[in-house]
Amino acid sequence: MPDRDARNARDARNARDARNARDARDAQNARDARDTRETRDVRDARDTRETDAERRRRRAQFLYELNEARELRARVTPRRARAARLRQAMRMRTFRW
C-alpha cells in the first residue's frame, strides 16, 4: 500500500504546516496583546504629527503645480484665457459687498 503511505505522509505534513502557521499567528497575537495602550497612543500621536506635516507639504506642492498649469493653459489658449478673465471681471463687478 505505497499510495496509502504517501497519502498519510502528505496529510501529516499538511497538518504540521497548519499547526506551525497557527502557532506563528498565536505568537503574533500575544506580542500585539503585550503592546500597551500607552505605547500605541504615543505612536499614533507621532504618526499624526508626521501625517499633518506631510499633508501640508503635499498640499503646497499641489497648489504650486495647479497654479503652474493654469498659467501654462493661459499661455497656450489665449482666447479661452481672455474669456475667463472677462467672466471673472464680470463676477467681480456684480459682486455686492
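Me: Why is arginine 19 called partly exposed?
Reply: Arginine 19 has a relative accessible area of 42%. Buried means under 20%, exposed over 50%, and partly exposed in between, with a 1.4 Å probe and protein chains only, so 42% makes arginine 19 partly exposed. This is a predicted model, where local features need pLDDT of at least 70, side-chain atom pairs count only at pLDDT 80 or more, and totals for chains, interfaces and linings use all residues. Residues are numbered from 1 along each chain as its sequence is written, and side-chain values use heavy atoms, leaving out hydrogens and water.

Me: In which helix is arginine 19?
Reply: Arginine 19 lies in helix H1, residues 2-34. Helices are DSSP runs of H or I with at least four residues, strands are E runs of at least two, and both are numbered from the N terminus.

Me: What separates arginine 58 and glutamate 54 in helix H2?
Reply: They are 4 residues apart in helix H2 (residues 37-76), which means about one helical turn separates them. Glutamate 54 is partly exposed, at 41% relative accessibility.

Me: How confident is the predictor, going by the pLDDT of the chain?
Reply: pLDDT is the predictor's confidence in each residue, from 0 to 100. The chain averages 78, and 66% of the residues score at least 70. Among the elements, H1 has the lowest mean (69) and helix H3 (residues 78-94) the highest (89).
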